[in-house]
Amino acid sequence: MTFVSCHNVADQTACRRSLTSSFYSSLPSLFPCTAHDNQQPTTTKFPQSNQRDMDREIRELDRQEKQITMELKQRAKGANSSSDPTLKTLAKQLVQVRQQRSKL
């Protein structure tokens with residue numbers, strides 16, 4: 001059995017009217033609301049926390065992308081950049097980070 005609280009005044013009065021006894025209507029918080037039994041209780045805690053986690057992950061990927069880009073540019077400015085194997089690995093990492101971000 002789920003307990004759903006009424007959020008506005010009209011719903012509260014409808015709930016009190018739906019209770020049969022005056023004893024029950026004086027204690028509406030102890031008994032379930034019969035006017036709203038067919039409604040599902042809404043929970044917004046989980047979607048908000050999931051959204052925060054997604055935002056945090058996107059920010060982290062953005063940071064990684066900036067860091068890899070800066071390091072790639074510094075290495076490319078250096079001498080003999082065409083034979084540097086780390087440039088290739090950094091470029092691969094950059095592509096992977098961008099793919100991860102596009103999936104989110």
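**View 1. Arg63 and Glu60 share helix α3.** Arg63 and Glu60 both lie in helix α3, three residues apart, or about one turn of the helix. Helices here are DSSP runs of H or I with at least four residues, strands are E runs of at least two, and numbering starts at the N terminus. The model is predicted, so local features need pLDDT of at least 70, side-chain atom pairs need pLDDT 80 or more, and totals for chains, interfaces and linings use all residues. Residues are numbered from 1 along each chain as its sequence is written, and side-chain values use heavy atoms, without hydrogens or water. The two side chains form a salt bridge, 2.8 Å from N to O. A salt bridge puts a side-chain nitrogen of Lys or Arg within 4 Å of a carboxyl oxygen of Asp or Glu. Glu60 is partly exposed, with a relative accessible area of 35%. The classes are buried (under 20%), exposed (over 50%) and partly exposed (in between), using a 1.4 Å probe and protein chains only.

**View 2. Asp53 pairs with Arg56.** Look at helix α3, which spans residues 45-77. Asp53 and Arg56 sit three residues apart in this helix, so about one helical turn separates them. Their side chains meet in a salt bridge, with 3.0 Å from N to O. Asp53 is partly exposed, at 38% relative accessibility. Arg56 is partly exposed too, at 46%. Side chains of opposite charge can pair when their charged atoms come close.

**View 3. A salt bridge joins Asp62 to Arg101.** The N to O distance in this salt bridge is 2.6 Å. The pair links distant parts of the chain, 39 residues apart: Asp62 belongs to helix α3, and Arg101 belongs to helix α4 (residues 85-103). Asp62 has 25% relative accessibility, so it counts as partly exposed. Arg101 is also partly exposed, at 36%. Across the whole structure, a search finds four salt bridges.

**View 4. Seven residues form the largest nonpolar core.** Its members are Leu61, Ile68, Leu72, Leu87, Leu90, Leu94 and Val97. Such a core is a set of buried Ala, Val, Leu, Ile, Met, Phe, Trp, Tyr and Cys residues joined through side-chain atoms within 4.5 Å. Helices α3 and α4 are the elements that give two or more residues to this core. Helix α4 supplies the largest share, four residues. In soluble globular proteins, nonpolar side chains tend to be buried together.

**View 5. Leu87 and its contacts.** Set aside neighbours within four places in sequence. Leu87 is then in contact with Leu72, Arg75, Ala76 and Ser81. Contact means heavy atoms within 4.5 Å. Leu87 and Leu72 are also both members of the largest nonpolar core.

**View 6. Ala91 and Leu72.** Ala91 is found in helix α4. Ala91 is partly exposed, with a relative accessible area of 32%. Ala91 and Leu72 are 19 residues apart along the chain, and their C-alpha atoms are separated by 7.3 Å.

**View 7. The whole chain, for context.** From the N terminus on, the elements run α-α-α-α. The chain has 104 residues, and 13% of them are buried. Among contacts with a separation of 6 or more, 53% join residues 24 or more positions apart. The accessible surface is about 8600 Å², and carbon and sulfur atoms account for 53% of this area. The areas come from the Shrake-Rupley method with a 1.4 Å probe; for residues, only the protein chains shown count as cover.
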